[in-house]
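Have a look at the fold first, and then we can go through it piece by piece.

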Amino acid sequence: MTKDTKVDRRNFLKGAIASVMAVIGVGFGIPAIPYVVGPAIKKSDDQTWIPLGSTAKIEIGQPTLFKFKIKIQTGWIVDEQEISAYIITNDGREFVAMSNVCTHLGCRVRWIAEQEKYFCPCHNGVFDKEGNVEAGPPPHPLNRYELKVENDQLFIKGG
Ligand code: FES
């Protein structure tokens with residue numbers, strides 16, 4: 001055997017090992033891509049209907065504050081967050097859910113029944129019963145949530 005033949009055999013073995021490793025890498029690597037990258041690119045539109053309770057809890061014409069929890073997924077991290085919303089009805093049949101987060105800088109607004117307005121304590125933002133801006137710096141009305149009623153039970157969309 002010449003030196004060239006040994007080198008060729010050595011190179012052949014190196015190439016064969018590299019090929020086997022590449023096949024193993026592709027075999028394990030490609031199926032792992034969705035597992036590794038999936039949570040990071042997953043859209044957060046898989047919202048669910050969260051039960052709030054009976055419609056009987058809401059006095060006609062008076063916004064009632066409900067609290068509920070939603071799960072927020074950021075990449076691989078799932079966090080639970082408590083959300084509050086005012087539910088209002090003017091006839092006992094149609095219901096509206098409004099966020100209690102001020103649209104200026106995110107402080108919590110409060111319903112003051114005597115004045116029939118929501119007030120934001122941070123910069124004196126004022127909203128009417130429908131959530132429209134009446135005074136102060138908030139740039140737009142209070143945000144609304146999707147809401148449905150089934151068998152006199154309220155469900156809010158979150159997730
Ligand atoms: S945060 Fe509500 S008025 Fe500024």
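A polar contact here is a pair of N or O atoms within 3.5 Å; within protein, one atom must be able to donate a hydrogen and the other to accept it, and residues adjacent in sequence count only if both atoms are side-chain atoms. Glutamate 150 gives us an example: its side chain and that of lysine 148 are joined by a polar contact of 3.2 Å.

Before going further, some housekeeping. This is a predicted model, in which local features need pLDDT of at least 70 and side-chain atom pairs count only at pLDDT 80 or more, while totals for chains, interfaces and linings use all residues. Residues are numbered from 1 along each chain as its sequence is written, and side-chain values use heavy atoms, with hydrogens and water left out.

**Around glutamate 150**

Glutamate 150 sits in strand E10 (residues 147-150); strands (E, at least two residues) and helices (H or I, at least four) are DSSP runs, numbered from the N terminus. Proline 51 is 99 residues away along the chain, yet the C-alpha atoms of proline 51 and glutamate 150 are separated by 10.0 Å.

E10 belongs to an open sheet of three strands, ordered E1-E11-E10 with antiparallel pairing. Two strands count as paired if DSSP finds at least two bridges between them. E1 and E10 are the edge strands, each pairing on one side only. On average, neighbouring strands in this sheet are turned by 30° against each other, direction ignored; the axes behind such angles are lines fitted to C-alpha atoms (for helices over the stretch in contact), and angles run from 0 to 180 degrees between N-to-C directions. Within the sheet, glycine 53 stands opposite leucine 154 in E11.

**The other sheet and the hairpins**

An open sheet of four strands runs E5-E6-E7-E8, again with antiparallel pairing. Its edges are E5 and strand E8 (133-135), each of which pairs on one side only. From one strand to the next, the twist averages 35°.

| Strand pair | Bridges |
|---|---|
| E1 and E11 | six bridges |
| E2 and E3 | eleven bridges |
| E3 and E4 | five bridges |
| E5 and E6 | three bridges |

Isoleucine 72 is partnered with aspartate 79 in E3, alanine 85 with serine 99 in E4, and isoleucine 112 with lysine 117 in E6.

Which glycine takes a positive phi in the hairpin of E2 and E3? That is glycine 75, near 65°, in a hairpin with two residues between the strands. The E3 and E4 hairpin has five residues between its strands, and glycine 92 in that turn has a positive phi of about 80°.

**Two cores**

A nonpolar core is a set of buried Ala, Val, Leu, Ile, Met, Phe, Trp, Tyr and Cys residues joined through side-chain atoms within 4.5 Å. The largest one has 14 residues, and Leu52, Phe68, Ile87, Leu147, Leu154 and Ile156 have the most contacts inside it. Strand E1 (48-54), E2, E3, E4 and strand E11 (153-158) each supply at least two residues of this core. A second, separate core of eleven residues includes Tyr86, Met98, Trp111 and Phe127.

Glutamine 62, in the loop between E1 and E2, makes a side-chain polar contact of 3.1 Å with the side chain of tryptophan 111. Leaving aside neighbours within four places in sequence, glutamine 62 is in contact (heavy atoms within 4.5 Å) with Ile87, Trp111, Ala113 and Glu116.

**The cysteines**

How many disulfides does the structure hold? There is one, a disulfide being a pair of cysteine sulfur atoms within 2.5 Å. The link joins cysteine 107 to cysteine 122, S to S 1.9 Å. These two cysteines are 15 residues apart: cysteine 107 lies in the loop between strand E4 (95-99) and strand E5 (110-112), and cysteine 122 in the loop between strand E6 (117-120) and strand E7 (125-127). With -95° about the S-S bond, the link of cysteine 107 and cysteine 122 is left-handed.

Cysteine 122 is partly exposed, at 37% relative accessible area. Cysteine 102 counts as buried because its relative accessibility is 5%, and cysteine 120 is buried too, at 4%.

How values were computed. Buried means under 20% relative accessible area, exposed over 50%, partly exposed in between (1.4 Å probe, protein chains only).
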